[in-house]
Amino acid sequence: MESRPGGAAGMAANFPEQFLVFLRENNIDPGVYDACETLPRYLRIVQHGERSSEEVLALVEQVRRDARCEVAEVAGVPGFLRVADRAVRLSQLQAHASGDVVGMDVSSGVAVLALGVEPGHNVLDLCCAPGAKLLCLAEGVAPAGSVTGVDVSPARIATCRSLVKRHAGSARMLVRLYAEDGAVFSARAPRDRWWDPQALRDSGRGRQQQRGGPWCGSRLLGTEYAASGGELYDRVLVDAECTHDGSLAHIEKYRDLGWHLLATQLNRGPDVPALQLRLLENGWRLLRTGGVLVYSTCSLAAAQNECVLAAFLARHPADEARLEPVFGEHCRRPPIPVLPAQAPPAPGDVRGRLQHAVRLDPRVSGTSGLFIARIRKLRGV
Ligand SMILES: C[S@@+](CC[C@H](N)C(=O)[O-])C[C@H]1O[C@@H](n2cnc3c(N)ncnc32)[C@H](O)[C@@H]1O
């Protein structure tokens with residue numbers, strides 16, 4: 001893909017023609033990317049809930065010293081830090097080297113909050129790599145809940161595994177990782193106390209650790225036993241594969257490493273909504289009655305967000321699938337402005353049901369772009 005010499009203003013002046021065509025076709029204003037110049041960078045404090053306020057303050061101070069700019073906690077999204085200078089690199093930060101913070105946009109934190117996980121929940125994360133949200137979820141369900149992460153890419157699952165291993169510390173994180181297609185994945189939630197050595201001995205499966213089975217952390221215990229539970233999941237995150245056009249970090253990566261990487265994403269564009277719908281349907285199938293699914297993408301294209309959701313809702317009536325406010329009792333609305341969902345070309349009754357979905361937008365929210373919808377399953381299918 002060749003860079004475009006002129007025509008568009010700001011950062012978009014350097015966008016290749018194929019990207020500009022994509023933006024035009026999807027009604028996305030190229031000016032949205034100018035935020036790359038001005039937006040802060042965000043970090044997440046690992047195991048934030050386990051730290052005292054003094055420890056958090058000391059960590060913030062340490063990051064401020066290394067970053068040499070203003071650093072503050074993000075109100076309403078626990079554990080997130082806003083670093084005023086976006087150009088600050090993770091390699092500059094001692095807190096990153098020590099594993100105390102990870103790079104993660106606050107929009108992703110909002111998607112995790114929207115899921116409303118509680119200790120003890122069994123959570124399914126259907127497109128989990130490289131694992132930023134997975135790690136957050138694993139902290140949220142501890143000590144006895146579990147997170148089952150699925151990603152089609154074995155290499156990216158390996159990255160998730162390293163991330164969990166590195167950051168689990170002394171905490172027990174109950175994570176299973178599968179390199180599989182999330183659209184057909186079918187393992188149910190792990191059995192009760194699958195991580196407990198006594199439960200394994202009782203089941204006679206303590207020695208049945210299988211090679212080639214899913215990877216389990218933080219202790220490698222009985223993956224075969226873990227994989228064979230019969231329960232549906234309490235929470236499902238479908239942070240679906242997309243064209244990543246709303247992710248400022250991705251756009252910066254394409255700008256710095258080469259636009260051909262973006263071309264690969266865009267060439268897949270036309271097939272992506274169908275994959276997203278299949279992922280959403282499969283996540284729904286694996287969700288228990290009364291459970292909650294969050295559908296999110298880092299695309300700004302309605303075709304990958306509102307249209308996918310409308311197609312899903314057209315198949316699932318209002319007494320089965322209810323869109324709920326992203327913010328509510330499960331999570332207080334953080335002081336981050338959001339945009340409402342767009343109205344997709346769909347029958348009025350389906351369009352009306354989309355009202356609670358939101359868009360985080362670089363210009364309005366001061367974050368990377370993210371679409372978030374929270375759907376409750378009211379009855380089995
Ligand atoms: C937007 S990223 C997910 C980011 C991740 N949730 C996080 O917070 O770090 C989308 C992921 O979906 C994966 N993916 C693509 N097709 C898939 C499929 N059919 N099943 C499962 N994962 C898939 C990609 O490999 C990629 O890692």
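Which residues in H12 meet which residues in H13? In this predicted model, Pro273, Gln276, Leu277, Leu280, Glu281 and Trp284 in H12 meet Val308, Leu309, Ala311, Phe312 and Arg315 in H13. Helix H12 spans residues 272–285 and helix H13 residues 306–315, and the two pack at an angle of about 45°, with their axes 9 Å apart. H12 is therefore oblique to H13, and the crossing in which H12 passes H13 is right-handed. Tryptophan 284, one of the H12 residues that meet H13, also has lysine 377 over the face of its ring, at 5.4 Å from the ring centre.

The protein as a whole has 15 helices and 14 strands, and buried residues make up 54% of its 381 residues. Among contacts between residues at least 6 apart in sequence, 73% join residues that are at least 24 apart.

Aromatic pairs were then considered, and their count comes to 9. Phenylalanine 19 and phenylalanine 22 form a stacked pair, with 6.3 Å from centre to centre and 25° between the planes; this angle counts as stacked because it falls under the cut-off of 30 degrees. Both residues lie in helix H1 (residues 17–25), where they are 3 residues apart, about one turn of the helix. Phenylalanine 19 counts as buried, because its relative accessibility is 0%, and phenylalanine 22 likewise counts as buried, at 11% relative accessibility. A contrasting geometry is found for tyrosine 295 and phenylalanine 371, which form an edge-to-face pair with 6.4 Å from centre to centre and 70° between the planes. Tyrosine 295 lies in strand E10 (residues 287–297) and phenylalanine 371 in strand E14 (residues 370–377), so this pair ties together parts that are 76 residues apart in sequence. Both tyrosine 295 and phenylalanine 371 are buried.

Threonine 148 counts as buried, since its relative accessibility is 0%. When residues up to four places away in sequence are not counted, threonine 148 touches Val123, Leu124, Asp125, Arg176, Tyr178, Phe185, Pro190 and Tyr233.

A cis peptide bond joins alanine 129 and proline 130, with omega of about 5°, and proline 130 lies in the loop between strand E5 (122–125) and helix H6 (132–141). Another cis peptide bond, with omega of about 10°, joins alanine 142 and proline 143, and the place of proline 143 is in the loop between H6 and E6.

Positive phi values were found at asparagine 27 and at histidine 244. Asparagine 27, although not a glycine, has a positive phi of about 60° and lies in the loop between H1 and helix H2 (35–38). Histidine 244, also not a glycine, has a positive phi of about 60° and lies in the loop between strand E9 (233–239) and helix H10 (248–257). Asparagine 27 is exposed, with a relative accessible area of 71%, whereas histidine 244 counts as buried, at 14% relative accessibility.

Notes. Residues numbered from 1 in each chain as written. Predicted model: local features only at pLDDT ≥ 70, side-chain atom pairs only at ≥ 80, totals over all residues. Heavy atoms only, no water. Phe/Tyr/Trp six-rings, centres within 6.5 Å; stacked < 30°, edge-to-face > 60°. Helix = DSSP H or I, 4+ residues; strand = E, 2+ residues; numbered from the N terminus. Buried < 20%, exposed > 50% of the residue type's maximum accessible area, 1.4 Å probe, protein only. Lys NZ or Arg CZ within 6 Å of the ring centre and 35° of its normal. Axes fitted to C-alpha atoms, helices over the stretch in contact; angles between N-to-C directions. Parallel < 35°, antiparallel > 145°, perpendicular 65-115°, else oblique. Left-handed = near helix turned anticlockwise from the far one by under 90°. Contact = heavy atoms within 4.5 Å.
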